[in-house]
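I opened my notebook today to look around one protein chain, a few residues at a time. Come along and keep the picture beside you as you read.

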Amino acid sequence: MLNYGDRAAIDLLASLSPGERAALFADWPIWARAEQMPPDGDWTTWVFLGGRGAGKTRAGAEWVRGMALGLPPFADRPCERIALVGETYLDVREVMVEGVSGLMAIHPDHQRPDFQVSRRRVVWPNGAVAQLFSSEDPEGLRGPQFDAAWCDEFSKWRRLDETWDMLQFGLRLGPMPRQCVTATPRPVPLLRRLLDDPNTVVTHATTRENAANLSPAFLDTVVKRYAGTRLGRQELDGELISDRSDALWRRDALDRQRWTGSLPDLRRVVVAVDPPATSSATADACGIVSAGADGAGRYFVLDDKSLSGATPAAWAERAIALFRWRKADTIVAEVNQGGDMVTAVLRQVDETVPVDTVRATRGKWLRAEPIAALYEQGRVFHARTFAALEDEMCDFGPDGLSGGRSPDRLDALVWALTALAGPGLATPRVRGLASS
């Protein structure tokens, strides 16, 4: 892969004739990043999930060009009929066809198709035709047939399921009909089902990976502002982020309770440790979370330093380093898994460190409920974004995490806030933040 901004690319271009430069610019596999190229294999659907400006439109347009012209590695024969489907007809025309990375912009002169606006179609010199369709009019897909389709910003489609169903019925030409989906992900059910389909292949790209082709001002302002936030993870990192309907926490509520100013004076600070049962590479993570309390009855989650596959000495050293850095009052350690061993390991690193041991006598859900109630009352704030911890919080239901993993970061959070709130913390039967 070459990059327009690389010195090697600049020197190479300077040495070429105008015709050679035009041919080189048109050779997409040379310039494309790996995730912008369709994966190998006998797939039906290629889903390219990416952040804003990650190069999704260019990847989709180049795939259509390769399919229409039968260019390897996209196709071994030209496709005759292609569907271009977007949220509206205007989106298809202004982004997919006439946009700066759209079909008309990426073709060299000798390959450039004819955009027949009134007929809503793009026609190549070899006779291949791409028709424009809108998700607002799924019935428009009833009748035509295709051997390829490009679906852009799939998660935004107005009548998503109906449009998708009509498109699938129309993909019936050629030996292997295929479709490319380019989207910034949103947690829509159809996207989840599509990602679980064994005939789907997926690639990902973040906004930063396309930095060479983006404005430095955009990277310095928008990317820095939203990096790490729920919105940023979706719109910049291309992550599919969703909440469980039965979870105790919701992402929108956590975003509202993110502390953005200077922290107040904290009367108490604790570091909570939820150690794993073993130290193998496949073992559960060791949850290590620090939190503090001020004099106004508010609680602040300060750090998530959890780590996976660590030896007891490694997680003990990290917990004590955090204890010292935060000038904490104590380390709160769960001893269900290791008993006296947990305290002994911590004391081997620093024999003077104060350790308060706790033992779980109730299930994780019951222990987490009163902490979720503190959040619901607006009394707990996150000092910054803790992506992995918040993923666990928003995926924690009555039966635990949806994937069956242990919620180690969440356990440490619960122990830390329980220690700060005191033994009188109530245990209300609440749905938590699911209703907020």
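Below are my entries, in the order I looked things up.

**Entry 1: a leucine in a helix**
I reminded myself that this is a predicted model. I started with L191, which I found in helix α8, covering residues 189-196. Is L191 buried or exposed? I looked up its relative accessible area, which is 0%, so L191 is buried, the cut-off being under 20%.

Next I asked which residues L191 touches, leaving out those up to four places away in sequence. My list reads V47, F154, S155, P185, R186 and L240. I picked F154 from that list and checked its spacing from L191: they sit 37 residues apart along the chain, and their C-alpha atoms are separated by 8.3 Å.

**Entry 2: a serine in a loop**
S155 was on the list for L191, so I followed it, and its own relative accessible area of 7% makes S155 buried. I located S155 in the loop between β6 (148-152) and α7 (160-170). What does the side chain of S155 reach? I noted the backbone nitrogen of R186, at 3.4 Å. Setting aside neighbours within four places in sequence, I wrote down A183, T184, P185, R186, V188 and L191 as contacts of S155.

**Entry 3: the nonpolar cores**
I kept one general idea in mind: in soluble globular proteins, nonpolar side chains tend to be buried together. How many residues does the largest nonpolar core have here? I read off 38, and W63, V64, I82, L84, V97 and W124 have the most contacts inside it. Several elements give two or more residues to this core, among them β1 (45-50), β2 (81-86), α5 (89-97) and β6. The element that gives the most is α4, with 7 residues.

I then looked at V64 by itself. Not counting residues up to four places away in sequence, V64 touches I82, L84, L103, W124 and W150. I also found a second, separate core of 33 residues, which includes A293, I371, V380 and V414.

**Entry 4: two helices packing**
I371 and V414 turned up again when I compared α14 with α16. Helix α14 (residues 364-376) packs against helix α16 (residues 408-421) at an angle of about 60°, and their axes are 10 Å apart. That angle makes α14 oblique to α16. I noted the crossing of α14 past α16 as left-handed.

Which residues meet there? From α14 I listed K364, R367, A368, I371, L374 and Y375, and from α16 I listed D411, L413, V414, W415, L417, T418 and A421.

Key. Residues numbered from 1 in each chain as written. Predicted model: local features only at pLDDT ≥ 70, side-chain atom pairs only at ≥ 80, totals over all residues. Heavy atoms only, no water. Helix = DSSP H or I, 4+ residues; strand = E, 2+ residues; numbered from the N terminus. Buried < 20%, exposed > 50% of the residue type's maximum accessible area, 1.4 Å probe, protein only. Contact = heavy atoms within 4.5 Å. Polar contact = N/O pair within 3.5 Å; in protein donor to acceptor, adjacent residues only side chain to side chain. Core = buried A, V, L, I, M, F, W, Y, C linked by side-chain atoms within 4.5 Å. Axes fitted to C-alpha atoms, helices over the stretch in contact; angles between N-to-C directions. Parallel < 35°, antiparallel > 145°, perpendicular 65-115°, else oblique. Left-handed = near helix turned anticlockwise from the far one by under 90°.
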